[in-house]
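Subject: Structure handover

Hello,

Here is the structure we spoke about, with the sequence alongside. My notes follow below.

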Amino acid sequence: MTSSAEPTADLRTEALAALDRLGAAVPAPRPDGPAVTARTPLTGEALFEVAAADAAAVAEAVGEAAEAFRTWRSVPAPVRGRTVKRLGELLAEHEADLATLVTLEAGKITSEARGEVQEMIDICDLAVGLSRQVGGRTMPSERPGHRLMETWHPLGVVGVVSAFNFPVAVWSWNTAVALVCGDTVVWKPSELTPLTALACAALLDRALRETDAPVAVHRLVLGAREVGDALVRDARVALVSATGSERMGTEVAPVVAARHGRTLLELGGNNCAVVTPSADLDLAVRAVVFSAVGTAGQRCTSLRRLLVHTSVLEEVLERLGAAYRGLPVGDPREEGTLVGPLVTAAAADTMRAALAEAVADGGEVVVGGERVDVAAAPGAAYVRPALVRMPRQSDVVRRETFAPVLYVMPYETFEEAVAVHNDVPQGLSSAVFTLDAREAERFLSEAGSDCGIVNVNIGTSGAEIGGAFGGEKTTGGGRESGSDAWKAYMRRATNTVNYSDELPLAQGVRFG
């Protein structure tokens with residue numbers, strides 16, 4: 001690689017211009033104050049030092065959000081929806097600039113960055129519709145002259161902890177829905193993506209002001225682990241929605257439970273797909289490649305394991321190998337690039353270690369795994385996605401490596417494939433490629449995939465916002481986005497109304 005000061009200076013200028021058009025600024029840290037470094041994986045170098053929060057600032061932000069909740073919860077839900085509608089309009093207006101920041105901070109190719117912003121616009125649309133639909137139901141009462149029903153009410157302050165790989169979309173999933181439900185939000189983004197967070201907060205602040213909503217319904221706290229710890233431990237935070245590693249979830253859950261708070265956890269993936277003898281291989285290979293290498297394998301839904309029937313194994317490996325060898329790796333802003341950088345050099349080290357362990361377990365690297373030199377990118381981590389032929393599922397395969405490594409393994413029977421598929425701690429996304437209706441239905445059944453997302457003839461990555469998103473087992477069990485995921489952000493009350501002049505007791509109990 002060659003090094004130069006010019007590329008980073010250009011990126012800094014590009015970031016500042018985008019932030020300016022978004023109405024955001026980079027707050028400079030105080031001489032003795034906490035800070036985070038905004039880096040770009042495109043070159044591996046620093047762009048800015050950004051002022052961060054400390055524990056006292058987190059407590060202040062939660063206090064402001066808690067106070068704003070007293071007002072916001074009583075605003076009619078359709079009126080709250082107007083704020084989210086305005087946010088969606090602003091996101092559409094500034095899609096290109098926000099996508100630019102996503103590329104600069106997360107390393108996504110332009111189409112994926114723009115797709116992430118489109119996902120934000122879509123969730124705003126969903127939330128606006130939801131603002132006129134959230135509510136309970138009425139059930140038949142066994143007592144004459146009585147009405148039995150349930151009502152849903154705002155929960156309180158929602159703490160959102162998001163990860164670097166979807167620096168804006170996951171925030172919007174939580175925030176758009178929480179706001180129409182009547183909650184307030186305190187957001188702790190990844191310390192790797194502070195610029196996108198500043199941009200999102202600026203757009204929401206503008207939407208709040210323009211719709212005469214209390215600006216304090218949303219607060220941003222930048223920082224590293226200590227900031228997240230302070231947010232998680234604050235008893236005024238009714239719900240902690242956290243996206244990250246399994247380790248992070250294991251630490252967060254007991255802390256929140258100890259103070260009787262709620263958690264919504266979206267953790268590891270280690271996702272798997274099954275290719276059966278009847279599969280449309282043209283379709284399957286295209287889906288597998290995108291699922292495995294999109295976002296340089298740094299999605300929670302990225303495909304990590306591929307089970308292929310022995311009758312088509314060699315053909316699938318040959319097709320995948322050819323596709324992998326032709327993947328354009330490089331600057332994600334350049335036309336034609338399909339694989340951008342890993343977020344840090346440490347991620348590349350983790351990938352190399354996983355590949356070495358896989359080879360020690362009997363695996364064979366078919367293609368990829370090597371560093372790719374990109375001009376003017378000192379310290380960046382560009383790698384060629386790795387395709388690894390494995391004889392069986394070993395310990396390294398059961399762990400999630402957050403990098404573009406795809407383990408391909410053989411199977412003989414469909415029952416064997418399902419058993420191996422489920423034999424990992426994680427349970428987020430899964431897929432089967434088959435033209436056999438019985439195999440498809442078995443994979444979707446209670447005896448099939450044990451994941452929260454189960455697909456047929458489509459990859460593991462790229463979920464729509466209309467369905468609930470989340471997984472089982474060590475993935476955390478949370479659900480975000482569509483369907484009835486809104487219920488996580490509200491509290492339920494069961495109500496009985498007696499409109500008679502009698503007082504019958506349930507179950508026929510007599511008293512007095």
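Which cysteine sulfur is closest to the sulfur of cysteine 181, and how far away is it? It is the one in cysteine 124, at 13 Å, which is too far for a bond. Please keep in mind throughout that this is a predicted model.

Cysteines

The cut-off used for a disulfide is 2.5 Å between the sulfur atoms. Searching the whole structure turns up 0 disulfides. Both of the cysteines I looked at are buried: cysteine 181 has a relative accessible area of 0%, and cysteine 272 has 1%.

Strand E10 covers residues 271–275, and asparagine 271 belongs to it. Asparagine 271 is buried, at 0% relative accessibility. Setting aside neighbours within four places in sequence, asparagine 271 contacts a run of residues from Cys300 through Thr301, Ser302, Leu303 and Arg304 to Arg305, and also Leu428, Ser429 and Thr460.

Helix H5

Glutamate 119 sits in helix H5, which spans residues 110–130. Glutamate 119 is buried, with a relative accessible area of 13%. Not counting residues up to four places away in sequence, glutamate 119 touches Phe166, Ala169, Trp173, Ala463 and Ile465. Alanine 59 is 60 residues from glutamate 119 in sequence, and the two C-alpha atoms are 31 Å apart.

The other is glutamate 112, which makes a salt bridge with arginine 299; the closest N and O atoms are 2.8 Å apart. This pair links distant parts of the chain, with glutamate 112 in helix H5 and arginine 299 in the loop between helix H10 (281–293) and strand E11 (303–309), 187 residues apart. Are the two partners buried or exposed? Glutamate 112 is buried, at 9% relative accessibility, and arginine 299 is also buried, at 9%.

Other salt bridges

How many salt bridges does the structure hold? The count is 31. Side chains of opposite charge can pair when their charged atoms come close.

One of these salt bridges joins the side chains of arginine 21 and aspartate 97, with 2.8 Å from N to O. Here too distant parts of the chain are linked: arginine 21 is in helix H1 (residues 5–22) and aspartate 97 is in helix H4 (residues 95–106), 76 residues apart. Arginine 21 is partly exposed, at 48% relative accessibility, whereas aspartate 97 is buried, at 12%.

Another salt bridge brings together the side chains of arginine 319 and aspartate 282, at 2.5 Å from N to O. Arginine 319 is in helix H11 (residues 313–325) and aspartate 282 is in helix H10, 37 residues apart, so this pair again links distant parts of the chain. Both partners are partly exposed: arginine 319 has 29% relative accessibility, and aspartate 282 has 46%.

There is also a network of salt bridges that links Arg86, Glu89, Arg206 and Glu210.

Surface

Which residues form a nonpolar patch on the surface? Leu505, Val509 and Phe511 do, and together they have about 340 Å² of accessible area. Valine 509 is partly exposed, with a relative accessible area of 45%.

Regards

Notes. Residues numbered from 1 in each chain as written. Predicted model: local features only at pLDDT ≥ 70, side-chain atom pairs only at ≥ 80, totals over all residues. Heavy atoms only, no water. Helix = DSSP H or I, 4+ residues; strand = E, 2+ residues; numbered from the N terminus. Buried < 20%, exposed > 50% of the residue type's maximum accessible area, 1.4 Å probe, protein only. Contact = heavy atoms within 4.5 Å. Patch = residues over 30% accessible without salt bridge, like charges linked within 9 Å, V, L, I, M, F, W, Y side chains within 5 Å. Areas by Shrake-Rupley, 256 points an atom, 1.4 Å probe, with all protein chains shown as cover. Salt bridge = Lys/Arg side-chain N within 4 Å of Asp/Glu carboxyl O.
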